[in-house]
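These are my notebook entries on a structure that I went through part by part. I set down what I looked up and what I found.

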Number of protein chains: 2
Amino acid sequence: MNPRPLPRPVTETGVETNGVPVWPPVKVTANAQMDLLVQHHLTSPHEAAHSLGRMASLAMQIARIQNGKHGDLPVICFESPQLVVFAGDHGVADEGVSAFQQDATMQRVLTMLAGKSPVNALAEMNGFDLTLVDAGVASHIVPPPDTESVVPLLVRKIGYGTRNMVLAQAMSATQARSALQAGMDVVRHLPGNVVALSNIGVAGNACAAQLLSRLCGVPLADACGKDQAQDEVQSQRKLERLFAAASRHRKATAPLDVLAAMGGFEIGMLCGAMIQAASERRVVIVDGFVASTAALLARALVPAVADYLVFAHRSAEPGHRLLLIHLQAQPLLDMELRAGEGTGALLAWPLLLAAQRLLQL
Amino acid sequence: MNPRPLPRPVTETGVETNGVPVWPPVKVTANAQMDLLVQHHLTSPHEAAHSLGRMASLAMQIARIQNGKHGDLPVICFESPQLVVFAGDHGVADEGVSAFQQDATMQRVLTMLAGKSPVNALAEMNGFDLTLVDAGVASHIVPPPDTESVVPLLVRKIGYGTRNMVLAQAMSATQARSALQAGMDVVRHLPGNVVALSNIGVAGNACAAQLLSRLCGVPLADACGKDQAQDEVQSQRKLERLFAAASRHRKATAPLDVLAAMGGFEIGMLCGAMIQAASERRVVIVDGFVASTAALLARALVPAVADYLVFAHRSAEPGHRLLLIHLQAQPLLDMELRAGEGTGALLAWPLLLAAQRLLQL
C-alpha cells in the first residue's frame, strides 16, 4: 500500500508545483438580509411590488458582492472600473472557420492601441481604464510609437496562436495552466473593484462553440453560428471541420482538458481573470460569447464565481443565447452586437450606475 | 347636390373651429444617403458587417431625425433633454381593475413632486429636466410648498379623472380633442430636441389594454395582464368588467373615438405630445405600455410620427410585448420594469448617448 502523499508545496501564484491548480478562495455571496434591505429600499407602498424589475435584482447582486452598508442601508460603491481585453489567435482559423484571416486580429489590436476602436470611445465616455493583453496573437505586436500612452499593452504571450484543433491539441496542458495563471496575475495587479472582461481574436467564436457544445451537451450545429459573410457551402465546410475537431478530441470532457484541446489562450486567461476577480470580491462584467464561455469554465472550476458575474449582453451569435440559457443568466442588453472587444460591457455599464443611484434614494 | 364645403378656418392651435383636428406637418425622415454615411462610418474593414448591431440602427434613426452633418460626417447633437410625465386618473379604477385605489395616483404624484421617486434620481443623474403635467388627476394637487422648486407642475386638467368606461364614455369628444391639444401645447413650450414621455395613473394599463385590443385586434384577455397582487378571482372579475366596457363601446373603431370611449386624459396628451414633438423634429423616447398605446394612436393619426419614436423598454405588462410587435418596434431594454413614470426611458438614455459618441469616432 502506498503511503498517503505529503501535501504538495504551493507556489506563490496559486499553482502547485506539479501543475494541479489551486484556486484562490471564492466566497458565495448569498445574504438574505441584504436582499431584504435592498428590496425594502426599492419598493414604494404606492407601486406594484417588483416595479423596478431586473434593476432590483442587479442592485441586489452588486450589494451582495460588495456587502457594504451605510448605517442600515446597503450601499454600492464603484472604484476605478477596468476593462481588460485579451487578444489571442486560433490555429483553427486556417480551416476557414471565420470570414476573416488571422491577421485581422492584429489589425483590430492595432486599431484599439491607436485609440480608434469603438471601445476606446466608449471606455473614455464611461471612465473605464482599458488594458490590452497579448494572450497569444500570431505575430509580434509592435504598437505604433506615438500611441503608446493611449492603451497599455501587457505582453503575456503563451504562444504565437494556438495550434489547429483539427490536427492537434490547441495547446498543451502546461500552456492551458499558464494561461489561467496569467489571467489571474493580470487582474491581481489592477486597481478598483469592477472589471469588465472581453476578447479579440479571429475564430474565437468557433472555439467558444466547441466548448459550449462539449461542456453543455449542445449540438455543435446549434452552438456554431452561421457567419453572415459566409455562404451555405462555406458554412457547411466550417461545420465539417469543427465536427472533425470534436471527434478528434472526443475524450476531452473535464473543463481543463476541453480548454487545452479546443480552447484558446485568451479563453484560459479570461477564465483565470474571473476566478481571481471573484476571489477579490470584484464585480465582473462579462462581455460576449467568448467571455461567456470562459465564465462557463470558471463556474465549472470554482462554482462560487457565478455570484460575481454580471452578463452584459446577448450577442448576435446564436450560440451565445444557448450558453446564457445554460448559465441561467439574463444579460442586461440584447443589442445584437458582434463587435466584441468590450463594447457590450461598456454599453451595459450605465445600468450598474443606475442601480447604484437607486440605492441612494 | 350640395355644394362642396368651403375650407374651414383653422385656429392658431391647429384645431379647426368645428373640432376636426388639423395636425402640424410631420415629415418622414427616410434618407438613404444618411443611412449609408452612418453605416460606412460605423463599419471597420476588420470587423463583421453590422458588428454594432442595433446600436447602428439607433444611430441611423437619430441621424435621420436630426439630419445634421459636419462636413461629410453625420452628427448627432442632444440639447436639454426633457422628461414629461402626464398624470391622469381613470374612472374604471372603481371596477377594481387595478391592485391600487385611485388615490395611489396622487401619492405617486406627490412623491415625484417631492423628488423622492426613482425617476427623480435617474433624471438628475442623466441631466434631464423633469416636468409633471396634471392631465386629470381625480383631485386637486397641492404640491408641498417646500418642494416647489424640485419638479415643476403644469396643471392642464381636462377633468377630475375620466368617467367609468363600463358605464359611459370615458370622456367626451371635446375632452379628447382638448387632451390632444394640451399635449401639443406642453411640448411646444419645452426647450431642447429630445423629449421622453411617460405617465402616472392607476388603471392606466387597463385603458391601454382596451386600446391595444380595439386598435390592433388583439384578444382582450391577451392584452390585459394579470396583476401579481391580484388573485385568480379578482383577475377574472377585472377581465369581465373590461369585456363589458368593450361591448358597450363596440362601435368605437376610429382612433379618436376609441380614445374618447376607453382612453384616458394622459393618453390623449401623450399622443398630442408625440405628434407635436415629431413635427419639431425632436427625438421622442417612449416609455412603457401606456405611452406606447399613445404612440399607436399617434401613428394612426399621423403615420410619419413613427420615424421619431425610440421605444425605450419592454415592460413586464404582457400587453406591452404584443403592442410592440404590432408597432414593429424593438425596444432598447427589457428590464421587466413596472414602475412607469419614465424610469425605462431614463435607463435607456445612455444608449442614445453612446450612439452619439460612436458617430464621433
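**Entry 1. Conventions**

I worked on a predicted model, in which local features need pLDDT of at least 70 and side-chain atom pairs count only at pLDDT 80 or more, while totals for chains, interfaces and linings use all residues. Residues are numbered from 1 along each chain as its sequence is written, chains are lettered from A and ligands numbered from 1 in the order in which they are written, and side-chain values use heavy atoms, with hydrogens and water left out.

**Entry 2. Chain B against chain A**

I first looked up the contacts (heavy atoms within 4.5 Å) between the chains. I found that 43 residues of chain B touch 43 residues of chain A. I then took the buried area, that is, the accessible area (1.4 Å probe) that two parts lose on being put together, summed over both. For chain B and chain A it is about 3700 Å², with 68% on carbon and sulfur atoms. I noted that His46(B), Met335(B) and Arg357(B) supply 17% of the area that chain B buries against chain A, more than any other three residues.

Next I checked for salt bridges (a side-chain nitrogen of Lys or Arg within 4 Å of a carboxyl oxygen of Asp or Glu). The rule finds two across the interface of chain B and chain A. I recorded the salt bridge between Arg357(A) and Glu124(B), at 3.0 Å from N to O.

I also counted polar contacts (a pair of N or O atoms within 3.5 Å; within protein, one must be able to donate a hydrogen and the other to accept it, and residues adjacent in sequence count only if both atoms are side-chain atoms). Twelve residue pairs, both at pLDDT 80 or more, are in polar contact between chain B and chain A. I then listed the elements that give two or more residues to the side of chain B that touches chain A: α2 (54-66), α3 (103-113), α4 and α13 (343-359) of chain B. Helices (H or I, at least four residues) and strands (E, at least two) are DSSP runs, numbered from the N terminus. With eight residues, α13(B) gives the most to that side of chain B.

**Entry 3. The two domains of chain A**

I looked up the domain assignment of chain A, which gives domain 1 (32-75) and domain 2 (79-349); such bounds come from an automatic or database domain assignment. The C-alpha centres of the two domains of chain A lie 32 Å apart. Their contact takes eight residues from domain 1 of chain A and twelve residues from domain 2 of chain A.

I found that these domains bury about 780 Å² between them, 50% of it on carbon and sulfur atoms. In domain 1 of chain A, Arg54(A), Gln61(A) and Ile65(A) lose the most area to domain 2 of chain A, together 68% of what that side buries. Across this interface I found zero salt bridges but six residue pairs in polar contact, both at pLDDT 80 or more.

**Entry 4. Salt bridges within a chain**

How many salt bridges does the rule give over all chains? The count comes to 18. I looked at three pairs that each lie within one chain.

Arg64(A) and Asp35(A) meet at 2.9 Å, N to O. The pair joins helix α2 (residues 53-66), which holds Arg64(A), to helix α1 (residues 32-42), which holds Asp35(A), 29 residues apart. Arg64(A) is buried (under 20% relative accessible area, with exposed over 50% and partly exposed in between; 1.4 Å probe, protein chains only), at 19%.

Arg156(A) pairs with Asp185(A), the closest N and O atoms being 3.5 Å apart. Arg156(A) lies in the loop between β5 and α5 of chain A, and Asp185(A) in helix α5. I noted Arg156(A) as partly exposed at 32% and Asp185(A) as buried at 10%.

Asp134(B) and Lys157(B) meet at 2.8 Å, N to O. Asp134(B) sits in strand β4 (residues 129-136) of chain B, and Lys157(B) in the loop between β5 (153-155) and α5 (173-188). Asp134(B) is buried at 2%, whereas Lys157(B) is partly exposed at 22%.

**Entry 5. Single residues**

Beyond its neighbours within four places in sequence, Asn126(B) contacts Leu346(B), Trp349(B) and Pro350(B).
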